[in-house]
Amino acid sequence: MAVVDLIDDIKEKETVEKYWDFRKNDRRDHVHSMIKYPAVMVPNMQGEIFDLVLKNDPDICNVLDPFMGSGTILIEGLIRQLNVIGVDINPLSYLTVLAKMQRYAVSTLQEKANQLLQRIDFVSHQKVENYWFEGIEKWFKPHVIQDLSKIRCCIVQETDIKYRRFFWVTFAEIAKEADNARTSTFKLHIKTEETIKATNYDCIKSFKEKLLANVNAILEFKELRKKETAKLYFGDSKTLLSDRRRFAKNSIDLVITSPPYGDNATTITYGQYSVLPLRWIPLIDIHELVSQDMVASLTKIDRDSLGGIKYSLDNIDQSGILESSKELSDFFKCLLSDGMTDKARKVASFVIDFSEVIKNLEPIIKPGKLLVFTVGNRHVNKMEFPFHLILKELADCYGMDMKYDFRRNIIKNKNYIDTSVQGFKTINKETIMILQKRI
């Protein structure tokens with residue numbers, strides 16, 4: 001791997017002011033546009049990173065994203081004729097990426113989409129028993145419940161799970177658009193009564209339009225991808241990456257990812273954002289391991305994610321994490337000295353969990369190969385949390401060297417809401433870090 005040449009190529013791009021911001025080149029084409037998802041990466045920016053890495057290491061055959069989210073990295077990998085592997089603990093992420101990656105027969109997809117639209121037209125003027133779950137009346141207006149129930153009833157009638165999953169992704173987008181949650185945050189906060197009354201969302205019309213757009217998105221993507229494989233895993237990266245039946249030693253050529261920047265509850269609540277659409281969808285259609293208790297609570301998915309379990313001070317001390325990262329240790333002690341014990345525990349708990357992922361990545365990536373992380377530094381107690389420096393220290397502990405890093409401005413930083421600070425201070429920069437496993 002010609003790391004020096006790669007770094008030179010990156011530096012050359014940096015001579016163009018704000019090149020990596022991709023201010024005018026952040027479009028989300030084909031399947032990138034199928035569904036809104038929190039804090040998605042810029043496809044063209046990540047695609048540029050792919051191209052530079054592949055230019056300097058043409059022997060790469062596969063790429064792993066252990067925090068796949070909406071699948072940006074995997075999609076860009078498939079376009080570049082790589083086998084892709086993705087992991088995520090959020091059921092909506094898994095469903096979304098599964099639907100995007102699935103191979104469809106064009107004629108069958110179009111036929112089944114038309115059949116679904118015909119069923120919806122038929123029931124749109126019929127009386128259908130409303131679907132129900134705990135809290136549905138709070139989060140959805142009566143006419144929305146009725147319309148979504150009709151669409152849901154029609155999707156359930158599709159016998160092929162491959163196409164049902166595709167329909168559920170479209171449905172999830174409409175259900176999210178139609179709920180009564182505020183759009184200013186990914187946390188579930190109810191809109192004002194006045195705003196709810198003034199909103200008149202047409203679910204059936206919107207679903208029809210989005211379904212046709214998503215069919216076209218699949219057809220466009222089909223022309224871009226070749227015969228490469230996609231392996232997706234639902235679950236916790238900390239556990240899955242240590243499973244040698246799934247991830248053999250020295251089997252991964254490249255890792256590109258953007259991990260959470262902190263525990264979900266105090267950064268981006270991916271779970272809360274996803275839970276309402278998930279409550280409408282038969283969970284067995286997503287994955288056999290997605291249980292009802294995952295969506296019964298608004299916070300369960302986020303609690304299961306990195307840092308979701310807050311470790312005790314004794315656990316933190318015994319973990320050795322403070323010895324592994326001086327940056328974390330200094331930050332942790334500063335929070336404790338300010339009397340912010342709870343926040344100190346949350347920060348350390350997240351890093352303990354994240355370090356397990358780094359630890360488990362090291363055996364499975366081939367010696368000399370690269371790991372590319374896009375990270376942001378949130379704020380805790382009005383202090384910037386130096387996540388990029390902590391990652392560098394953790395990587396060093398587990399046999400990886402930091403070769404280069406560079407920064408980009410986040411243009412649409414409304415997607416990076418930081419709830420750990422009063423006033424929701426946003427993250428406005430990201431650091432892209434190039435790591436290499438030692439030979």
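Biologist: Where in the chain is the place of asparagine 250?

Modeller: Asparagine 250 belongs to the loop between helix 11 (237-240) and strand 4 (252-257), where helices (H or I, at least four residues) and strands (E, at least two) are DSSP runs numbered from the N terminus. This is a predicted model, in which local features need pLDDT of at least 70 and side-chain atom pairs count only at pLDDT 80 or more, while totals for chains, interfaces and linings use all residues. Residues are numbered from 1 along each chain as its sequence is written, and side-chain values use heavy atoms, with hydrogens and water left out.

Biologist: Why does asparagine 250 count as partly exposed?

Modeller: The relative accessibility of asparagine 250 is 36%, and the scale calls a residue buried under 20% relative accessible area, exposed over 50% and partly exposed in between (1.4 Å probe, protein chains only). Asparagine 250 therefore counts as partly exposed. Its phi is near 50°, a positive value in a residue other than glycine.

Biologist: What is said of the phi of glutamine 81, and where does this residue lie?

Modeller: Glutamine 81 has a positive phi of about 60° although it is not a glycine, and it is placed in the loop between helix 3 and strand 2 (83-88). With 48% relative accessibility, glutamine 81 also counts as partly exposed.

Biologist: Why are helix 2 and helix 3 called oblique to each other?

Modeller: The axes of helix 2 (residues 43-56) and helix 3 (residues 72-79) come within 10 Å and cross at roughly 50°; such axes are lines fitted to C-alpha atoms, for helices over the stretch in contact, and angles run from 0 to 180 degrees between N-to-C directions. Angles under 35 degrees count as roughly parallel, over 145 as roughly antiparallel, 65 to 115 as roughly perpendicular and the rest as oblique. Helix 2 and helix 3 are therefore oblique.

Biologist: Which residues of helix 2 and helix 3 meet?

Modeller: Pro43, Gln46, Gly47 and Phe50 in helix 2 meet Thr72, Ile73, Glu76 and Gly77 in helix 3, where contact means heavy atoms within 4.5 Å. This contact comprises three nonpolar, four polar and one charged residue, given that Ala, Val, Leu, Ile, Met, Phe, Trp, Tyr, Cys and Pro count as nonpolar, Asp, Glu, Lys and Arg as charged, and the others, Gly among them, as polar.

Biologist: How do you know the relation between helix 17 and helix 18?

Modeller: Helix 17 (residues 326-337) and helix 18 (residues 341-364) pack at an angle of about 160°, with their axes 7 Å apart, and they are therefore roughly antiparallel to each other. In their contact, residues such as Leu328 and Phe331 of helix 17 are among those that meet helix 18, whose side includes Val347 and Val351.

Biologist: What makes the relation of helix 7 to helix 8 what it is?

Modeller: The axes of helix 7 (residues 142-156) and helix 8 come within 10 Å and cross at roughly 175°, which makes helix 7 roughly antiparallel to helix 8. Their contact has eleven nonpolar, no polar and two charged residues.

Biologist: Which residues touch the most other members of the largest nonpolar core?

Modeller: A nonpolar core is a set of buried Ala, Val, Leu, Ile, Met, Phe, Trp, Tyr and Cys residues joined through side-chain atoms within 4.5 Å. Of the 94 residues in the largest one, Phe140, Leu148, Phe166, Phe171, Phe207 and Trp280 touch the most other members. Helix 8 (residues 161-178) gives the most to this core, with ten residues. Another core, of 46 residues, lies apart from it, and Tyr261 and Met433 are among its members.

Biologist: Why does isoleucine 301 count as buried?

Modeller: Isoleucine 301, found in helix 14 (residues 300-304), has 2% relative accessibility and therefore counts as buried. Leaving aside neighbours within four places in sequence, isoleucine 301 is in contact with Ile89, Asn90, Pro91, Gly271, Leu278 and Met294. The C-alpha atoms of isoleucine 301 and glycine 271 are separated by 4.9 Å, although these residues are 30 residues apart along the chain.
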